[in-house]
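Open the model in your viewer and keep the selection panel at hand. The tour below goes stop by stop.

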Amino acid sequence: MQKIRFDPILTFVWLILLFLGLSMVFSASSVASLEMTDNNSMYYFFKKQAVNIIIGMIAAFAIAKISHKKWKPYLLYLNILTIILLCLVGFTPLGVEINGATRWLNIGFQFQPSELAKFTIILTVASMIDHARKFGGINSIKNLGKIGIYVLFYGALIGIPQNHASVVMVIMLFVAMMLFFGGINKLLFFVLFIVAAAAGLAIALSSEFRRQRIMTFLDPLSDKMGDGYQITQNWYALGSGELFGIGLGLGRQKFGWLPEQNTDFILGVIGEEMGLIGVLFLITLYLFLIARGVHIAVKSVDNYGLLLASGVISVISIQAMINMAVVSGLFPVTGMPLPFISFGGTTMIVMCMMVGVLYNVYSTTENEKLVKDEIKGKNE
């Protein structure tokens, strides 16, 4: 066990994001909550998200308590658990279908194992890269091959039975960023990036459903009452907010017009109610969080800590950028929640766990620095 050190900037930004997210979930979901509950309560989704945040914070502090230097012996067990959960979703009746996708596991409560898979892959790939740097180098074909096979295995396990291409894309991107932080040759990184981009394009064109989404993305207004309905209604929400918004809680698109208004498209509600200023404030929070995460990574006392922190920041930044790009019409619609803002149990808890990893790396660095300072003081 180690003493948890709370980086002040990271803590402040994280708490503001959680508070903002909880507030917007309440605003965005109040109408849907009234429709879903028998007692006409507006707080159904708000209460569930508050519980998700509390569980996530407890998990974050638990992860921060045990130094990451002691994690490696337990990675095999974490991978076995993650693979079993993914198989239960994809190949058993325990998998729950929601909105045409079977990505949730019903084990007394609904759980999305693909979110846990991101966390597992970060911890494992960081260990693999750290090992590769010590034995043969990260640019070794053998070492890169091992990492590639590991990632492709998870990609197949998530992408084929669950048809969850967006998560596969996120995994490929954040692993690429971890390799970059791990010191991969820049030319080799570029080649791998091209290969990953080609694979992503192939996945995107592999089904009629995804091809239709791409066509709708190119011209959503051509079918604004059909496949383009979601993005069109979102644009109405963003446009009506103008600079300062129409007021918190006063949005109109959440009254049955904007689908997924408290999850994937919650940014549309933020833009409508808080305006461009609110959206820019949210982007600024993410930039501060990312900058602080990078600072924690580069100050880490060991390569494993650096790779863990870089993986976490890559996931948060990639998911935020994809969600914002979708909402802005710059990327085809995909089920990508906005980190710390969108409603969702598994997503919120895992994202908080990732912040716990940042606290862990920061705590280990600060604790070792204090020990060195104490030894230095005694010697003097």
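The count of salt bridges comes to seven, a salt bridge being a side-chain nitrogen of Lys or Arg within 4 Å of a carboxyl oxygen of Asp or Glu. This is a predicted model, where local features need pLDDT of at least 70, side-chain atom pairs count only at pLDDT 80 or more, and totals for chains, interfaces and linings use all residues. Residues are numbered from 1 along each chain as its sequence is written, and side-chain values use heavy atoms, with hydrogens and water left out.

Select Asp-7 and Arg-292: they form a salt bridge whose closest N and O atoms are 2.8 Å apart. Asp-7 lies in the segment before helix 1 (8–36) and Arg-292 in helix 10 (residues 266–298), so the pair ties together parts 285 residues apart in sequence. Helices here are DSSP runs (H or I, at least four residues), numbered from the N terminus.

Next, select helix 4 (residues 113–134) and helix 5 (residues 141–159), whose axes come within 10 Å and cross at roughly 175 degrees. The two helices are therefore roughly antiparallel, a term for angles over 145 degrees.

Last, select Leu-173, Leu-187, Phe-190, Val-191, Phe-193, Ile-194 and Val-195, which make a nonpolar surface patch of about 650 Å². Patch residues have over 30% relative accessible area and no salt bridge, with nonpolar side chains joined within 5 Å; areas come from the Shrake-Rupley method with a 1.4 Å probe. Helix 7 (residues 186–204) gives the most to this patch, with six residues.

Key
Patches are made of residues with over 30% relative accessible area and no salt bridge: like charges are joined within 9 Å, nonpolar side chains (Val, Leu, Ile, Met, Phe, Trp, Tyr) within 5 Å. Axes are lines fitted to C-alpha atoms, for helices over the stretch in contact, and angles run from 0 to 180 degrees between N-to-C directions. Angles under 35 degrees count as roughly parallel, over 145 as roughly antiparallel, 65 to 115 as roughly perpendicular and the rest as oblique.
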